[in-house]
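Let's take a friendly walk through a protein model, one part at a time. Have a look at the structure below, then read on.

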Number of protein chains: 2
Amino acid sequence: ATGDDRGMAGPKVIGIVGGTGRMGQLFAGILERRGHRVLIASRSTALTPEAMVPQCDVVVITVPIAVTEQVIRQVGPLVRKDALLMDLTSLKEFPLNAMLQRCTGSVVGTHPVFGPSVQSFQGQTFVVCPGRGDAWHKWVLDFLCSEGAVIKETDAATHDRHMAIIQGMQHFSTIGLGMALRRLGMKPEALLEYSSPIYRIRLDMVGRILGQDPELYADIELQNRHNAESIGAYVAALRELQNVLATPDRDGFLRFFQEAAAHAGDFCSQAMDETDRLIRTVADSVAKAPAALPTVGLGLLDEHTIITLGPEGTFSHQAALAADAAARVLFVSHVAEVFSTLEVNTLETGGTEG
Amino acid sequence: ATGDDRGMAGPKVIGIVGGTGRMGQLFAGILERRGHRVLIASRSTALTPEAMVPQCDVVVITVPIAVTEQVIRQVGPLVRKDALLMDLTSLKEFPLNAMLQRCTGSVVGTHPVFGPSVQSFQGQTFVVCPGRGDAWHKWVLDFLCSEGAVIKETDAATHDRHMAIIQGMQHFSTIGLGMALRRLGMKPEALLEYSSPIYRIRLDMVGRILGQDPELYADIELQNRHNAESIGAYVAALRELQNVLATPDRDGFLRFFQEAAAHAGDFCSQAMDETDRLIRTVADSVAKAPAALPTVGLGLLDEHTIITLGPEGTFSHQAALAADAAARVLFVSHVAEVFSTLEVNTLETGGTEG
């Protein structure tokens with residue numbers, strides 16, 4: 001804590017290069033709510049980066065990864081010596097090197113490890129790689145920390161190696177699953193009908209990736225030089241496992257599984273607890289969603305079916321049987337479902353006959 | 001709705017073959033709460049399946065898949081002609097064939113598509129494959145329905161083909177990820193430090209599988225004859241994608257991604273909404289967990305650091321600066337975090353020095 005630190009408090013002029021993108025907009029909104037003055041320069045704004053950057057206490061680079069180095073080379077020399085240049089690139093080695101080379105002011109590399117669909121930084125991870133200048137580095141940490149972010153400080157090369165697994169290898173696996181579904185002629189919706197919450201979450205992960213910008217994933221897969229190693233290890237492991245299954249070699253499978261499990265160690269029980277909580281969240285929302293009802297034994301509904309609040313043996317059940325003793329009673333859990341089940345059934349019947 | 005249906009109401013004597021396993025215990029508990037009398041026979045009980053089965057209105061088979069056919073052959077002929085024989089096997093073709101062949105009573109095949117760690121059937125998916133006998137089939141549907149389960153009725157072969165993707169292909173992918181982590185010398189805990197909620201969920205999925213019984217996954221991977229096709233399609237897709245990346249062929253990657261995305265279609269936006277909700281659930285629990293705090297800029301804590309309730313500019317902040325105007329202020333969101341941050345810091349310091 002020095003005199004410099006106290007000088008860091010208060011509102012700043014913050015310029016976002018690429019601020020019309022979704023990530024730039026997210027940052028602009030959060031920074032403005034904190035009382036900072038936010039300027040934005042991009043290809044589509046009247047304000048150019050060249051005009052904006054010299055006015056700024058902080059310059060944030062958030063442009064597509066393919067043009068990041070070029071933009072840093074262009075604006076880096078315009079950053080004031082007392083100002084901060086920082087980036088949000090999902091790789092850290094090349095942008096940090098470029099920023100340190102082209103800018104004489106303070107430099108911090110950050111990677112928000114999430115997409116722009118979040119509503120706040122609360123609980124989200126930021127990797128922060130120190131570049132140059134302690135005071136601005138602390139300012140960045142304080143800001144992120146006060147927004148509830150989880151901060152991981154590390155060097156750029158270590159970050160990129162971890163991302164080759166967290167992003168490079170995992171997205172590779174997921175995109176491959178999506179293509180396999182296509183080759184097998186299997187629609188995700190058809191699989192969902194067979195999927196309990198845990199499998200629904202897994203399918204949702206595939207849909208989440210495939211629903212996003214292909215260029216973003218091209219960058220993630222093609223720009224990180226460490227990806228070849230992690231993807232190579234993954235494909236080799238799968239081919240080995242495929243051979244074990246084709247043999248078939250049950251003992252070989254058990255050894256393979258147990259080696260992987262031994263490496264994961266105690267993490268497994270923590271993962272089980274966390275996924276159990278997620279499953280309950282999804283199960284509750286499935287149970288509440290009227291959309292889940294058409295699959296519930298509708299084939300058996302006929303004019304002698306009465307929909308009633310479950311479970312069996314309640315007054316509702318007795319009332320249903322009193323109304324039509326021969327009726328098949330379909331139990332539902334909430335009053336709203338009585339009506340939604342009825343609507344769905346009516347629509348279904350109408351559809352079949354019309 | 002017939003006279004037979006009304007005869008189906010009321011408590012039953014239900015015998016569970018394999019009822020000492022975790023899935024058997026889950027069913028026993030739920031059936032007993034519904035007022036049924038539950039008997040259990042397994043290798044470790046005094047009551048033998050041979051003595052139990054003739055007493056039962058319903059016989060439920062829940063034994064390891066490797067001995068399922070043998071157990072069905074043994075107990076099938078002992079099931080009364082007015083009784084129901086049903087199973088909970090995760091494949092449906094071979095058990096249903098065996099049950100129909102060896103038993104003259106009613107037959108229903110079911111697959112609860114979830115593990116025994118759930119606390120109820122609420123929102124969980126059951127696949128139900130009709131075998132023989134309408135009245136008992138309806139009884140099974142009514143029971144599951146009233147417990148809040150989501151029911152998918154289908155034939156056994158269609159079920160097994162879907163499971164070759166939902167379970168066979170996806171678990172194959174996940175077990176391979178676990179082995180790749182081992183080969184890369186990367187501990188899941190190290191990756192977690194870099195992982196926002198979305199990546200944390202993905203890692204948790206790996207830990208969840210590897211933390212379970214290897215024999216169960218050996219059965220899932222080795223017993224379904226449809227797995228070879230889905231796993232083959234998956235490995236082929238990944239090798240193609242690996243080649244595209246190695247070239248590197250950006251346009252090829254974009255085409256690959258877009259073909260997979262086009263097949264997934266509208267499912268993607270639904271998946272995005274659902275995973276956004278999950279991410280908020282995980283982000284909230286990460287934000288509340290004191291365990292997340294050691295990563296928050298602890299390297300910068302010193303004797304001039306004051307932990308206070310954020311955000312900047314509040315009375316707490318002013319009070320902190322009044323106490324030590326030169327202090328670096330670390331903002332936290334909840335009162336409990338003030339203390340947990342302090343404890344973690346004290347422990348860390350002690351650990352480094354001791």
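## A buried glutamate and its surroundings

In this predicted model, the side chains of A:Glu147 and A:Arg34 are joined by a polar contact of 2.8 Å. Is A:Glu147 buried or exposed? Its relative accessible area is 16%, and buried means under 20%, so A:Glu147 counts as buried. Setting aside its neighbours within four places in sequence, A:Glu147 is in contact with A:Ile30, A:Arg34, A:Phe121 and A:Gln122.

## How the two chains are related

Now let's step back to the pair of chains.

## Where the chains meet

How many residues of chain B are in contact with chain A? There are 139 of them, and they are in contact with 139 residues of chain A. Here are some totals for this interface:

| Item between chain B and chain A | Value |
|---|---|
| Buried area | about 13800 Å² |
| Share of that area from carbon and sulfur atoms | 65% |
| Salt bridges | 14 |
| Residue pairs in polar contact (both at pLDDT 80 or more) | 46 residue pairs |

Helix α7 (residues 156–183) of chain B gives the most to the side of chain B that touches chain A, with 22 residues.

## The nonpolar core

Finally, look inside. In soluble globular proteins, nonpolar side chains tend to be buried together. In this model, the largest nonpolar core has 148 residues. Which residues have the most contacts inside this core? They are A:Ile61, A:Tyr234 and A:Phe253, along with B:Ile61, B:Tyr234 and B:Phe253.

Take B:Phe253 as an example. Not counting residues up to four places away in sequence, B:Phe253 touches B:Leu241, B:Val244 and B:Leu245 in chain B. From chain A, B:Phe253 touches A:Ile175, A:Pro214, A:Tyr217, A:Ala218 and A:Glu221.

Key:
Residues are numbered from 1 along each chain as its sequence is written. Chains are lettered from A and ligands numbered from 1 in the order in which they are written. This is a predicted model: local features need pLDDT of at least 70, side-chain atom pairs count only at pLDDT 80 or more; totals for chains, interfaces and linings use all residues. Side-chain values use heavy atoms; hydrogens and water are left out. A nonpolar core is a set of buried Ala, Val, Leu, Ile, Met, Phe, Trp, Tyr and Cys residues joined through side-chain atoms within 4.5 Å. Buried means under 20% relative accessible area, exposed over 50%, partly exposed in between (1.4 Å probe, protein chains only). Contact means heavy atoms within 4.5 Å. Buried area is the accessible area (1.4 Å probe) that two parts lose on being put together, summed over both. A salt bridge is a side-chain nitrogen of Lys or Arg within 4 Å of a carboxyl oxygen of Asp or Glu. A polar contact is a pair of N or O atoms within 3.5 Å; within protein, one must be able to donate a hydrogen and the other to accept it, and residues adjacent in sequence count only if both atoms are side-chain atoms. Helices (H or I, at least four residues) and strands (E, at least two) are DSSP runs, numbered from the N terminus.
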